[in-house]
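Have the sequence and the structure open as you read.

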Amino acid sequence: MSIDLGLDERGKALRFCARFCAWLGGMALLFPWVDVVMARLHLLPVAAVAGILMGLAGVGVDLDTSTVASGHATLEIGRVTYLVTHACTGIYALVLLIAAVMAYPCSGADRLRGFALGIPALCAFGALRLFVLGIIAQLQPAWIDLFHEYIMEVVSVAFVLYVWIHWID
C-alpha cells in the first residue's frame, strides 16, 4: 500500500520536516546556555511533584533538590540513590513538542494554544514518568535500566505525538 502525496503535499511535508529539524537543532544548541534556568523551571517542579506522588503512594523517598542549579537532583528510594537529570524528567519530550508546534504552519494564537495545552501536559507526564520509575525502582530495581532507557522513551515519544495530534485537531 502506498500513499500518493501530490507535489504540494510533499512540499508542505518537507518544509515541516526542515523547520522541525531546524527548531530541534536550535534548541539543542541553546540548551547548554539555559540549563540552569530549565533546571529551576522544569527539573525542580517535576522532581518535586514526583516525590510527592511517591510519598502518597507509600514509597519511602527522600528528594534532595539542593543541587538543581547543577542540573540534577538526588532521589533516595530505600537504600538506592538515583541522580535525577533533565533526561529523567522528560525534558526531551517537551523539546520535541515545542519543535513540532513551532514547525507546524499555523497562527501565533494557535501556537500559544499549543503551548498552553502541551507544556503543562508534558510537565505532568514528566512527573508521572519519574513516579513510574520510582515505583519500578522500589518493586523491581533490576528493571530500572530497561524502563528508563527504552520503555519510557518510547512512551514519551508516543505521548508527545498524542498531545501534538490532539492540538492539531
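## The chain as a whole

Of the 169 residues in this chain, 34% count as buried. Please keep in mind that the model is predicted. Taken along the principal axes, the C-alpha atoms fill a box of roughly 60 × 40 × 25 Å.

The chain has four helices and three strands, and following the sequence gives the pattern α-β-β-β-α-α-α. What share of the contacts between residues at least 6 apart in sequence joins residues at least 24 apart? The figure is 64% for this chain.

## Helices α2 and α4

Let us turn to a pair of helices. Helix α2 spans residues 91-103 and helix α4 spans residues 144-168; their axes come within 9 Å and cross at roughly 30 degrees. Angles under 35 degrees count as roughly parallel, and α2 and α4 are therefore roughly parallel to each other. Their crossing is right-handed.

Which residues make this contact? From α2 come Ala93, Leu96, Leu97, Ala100 and Val101, while α4 brings Ser156, Val157, Val160, Val163, Trp164 and Trp167. Sorted by class, the contact of α2 with α4 has 10 nonpolar residues, one polar residue and no charged residues.

## Helices α3 and α4

Helix α4 also packs with helix α3, which covers residues 108-139; the axes of α3 and α4 come within 10 Å and cross at roughly 160 degrees. Angles over 145 degrees count as roughly antiparallel, and that makes α3 roughly antiparallel to α4. Here, α3 passes α4 in a right-handed crossing.

The make-up of this contact is also worth a look. By class, the contact of α3 with α4 has 16 nonpolar, five polar and five charged residues.

## The cysteines

How many disulfides does a search of the whole structure find? The search finds zero. As a reminder, a disulfide is a covalent bond between the sulfur atoms of two cysteines.

Cys17 is in no disulfide, and its nearest cysteine sulfur, that of Cys21, is 6.5 Å away.

Terms used
Residues numbered from 1 in each chain as written. Predicted model: local features only at pLDDT ≥ 70, side-chain atom pairs only at ≥ 80, totals over all residues. Heavy atoms only, no water. Axes fitted to C-alpha atoms, helices over the stretch in contact; angles between N-to-C directions. Helix = DSSP H or I, 4+ residues; strand = E, 2+ residues; numbered from the N terminus. Parallel < 35°, antiparallel > 145°, perpendicular 65-115°, else oblique. Left-handed = near helix turned anticlockwise from the far one by under 90°. Contact = heavy atoms within 4.5 Å. Nonpolar A, V, L, I, M, F, W, Y, C, P; charged D, E, K, R; others polar. Disulfide = S-S within 2.5 Å. Buried < 20%, exposed > 50% of the residue type's maximum accessible area, 1.4 Å probe, protein only.
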